[in-house]
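Colleague: Could you walk me through a few spots in this model? I'd like to see it first.

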Amino acid sequence: MTRIVLGLITALTLISCSEKKDKKSQSNNPVIANQSFFYPYDTVPKIYQYREIKNGMYELFHRVYGISRSNGKHILLETFTQDGRHTETYDFLLDSMLVQEHLVVDATGAIKPAFVNENKLFPLDSIETHFKSQFSGISDVFVIEVDSRRRFNGFTKRDILSKKMNCMKLIETLRVTNRDDKLALKNEESIEIIRYYGKSIGLVEWHDVNDTQHYVLEDIMTQNEWLKIIAR
């Protein structure tokens with residue numbers, strides 16, 4: 001009888017230790033940790049206002065909002081110039097963080113889907129992501145290809161919105177290729193960018209490695225507040 005009781009106690013102890021170990025590994029899971037630095041899901045649009053601190057008059061805006069589709073929740077990220085001109089949209093599937101669609105706005109203002117070859121843009125772990133997209137330029141024979149590779153570079157604190165903010169740091173190698181398929185011409189440029197994502201906020205700061213351009217989050221506002229700014 002004693003052996004049976006001791007056996008049950010041992011088994012329960014092993015199960016308890018195993019559960020604690022599983023919970024600990026889950027709490028340290030980089031997938032959970034990294035995703036918490038992405039934009040939070042909210043169906044009410046939020047406008048992120050970024051200022052280029054090397055030239056304080058220049059601004060960019062990101063419009064972020066959540067939608068629900070048959071395959072789950074999505075977060076849409078739309079980018080705008082300081083005069084309110086829409087330039088592109090990224091559609092992230094929240095469960096996997098994969099880019100479902102990349103839309104670009106051409107010179108005429110028409111929104112067109114890009115052809116996405118690789119769809120990983122936000123790293124959930126230490127494995128380097130690869131995003132590759134191509135779309136037409138000023139004409140159908142003129143093609144622009146964007147190739148982005150990002151890698152996780154640890155956690156840090158940054159001075160954002162007048163406070164110290166916990167951030168995830170990413171290093172991105174971005175290559176943009178312009179091709180003229182008719183004339184068989186090609187021009188390629190590469191740049192390395194440091195990006196910071198704030199805990200429960202999303203992208204809060206980015207700059208190139210030489211710090212020639214440096215954007216910092218200046219405000220998060222409602223859509224109505226933003227419309228008043230760009231209408232000036």
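Modeller: Let's start with a side-chain pair: Thr81 and Asp83 are joined by a polar contact of 2.2 Å between their side chains. A polar contact is a pair of N or O atoms within 3.5 Å, where within protein one must be able to donate a hydrogen and the other to accept it, and residues adjacent in sequence count only if both atoms are side-chain atoms. Bear in mind that this is a predicted model, where local features need pLDDT of at least 70, side-chain atom pairs count only at pLDDT 80 or more, and totals for chains, interfaces and linings use all residues. Residues are numbered from 1 along each chain as its sequence is written, and side-chain values use heavy atoms, with hydrogens and water left out.

Colleague: Is Thr81 buried or exposed?

Modeller: Thr81 sits in strand 3 (residues 72-81); strands here are DSSP runs of E, at least two residues, numbered from the N terminus. Buried means under 20% relative accessible area, exposed over 50%, partly exposed in between (1.4 Å probe, protein chains only). With a relative accessible area of 10%, Thr81 is buried.

Colleague: Which side chain of opposite charge is nearest to Asp208?

Modeller: Asp208 lies in strand 12 (residues 202-208). Lys and Arg count as positive, Asp and Glu as negative, with His and the chain ends not counted, and a salt bridge needs a side-chain nitrogen of Lys or Arg within 4 Å of a carboxyl oxygen of Asp or Glu. Asp208 is buried yet has no salt bridge, and at 8.5 Å the nearest side chain of opposite charge is Lys54.

Colleague: How far apart in space are Asp125 and Phe152, C-alpha to C-alpha?

Modeller: Asp125 is in the loop between strand 7 (115-119) and strand 8 (129-136), and the backbone nitrogen of Ile127 lies 2.9 Å from a polar atom of its side chain. Asp125 and Phe152 are 27 residues apart in sequence, and their C-alpha atoms are separated by 7.1 Å.

Notes
Helix = DSSP H or I, 4+ residues; strand = E, 2+ residues; numbered from the N terminus.
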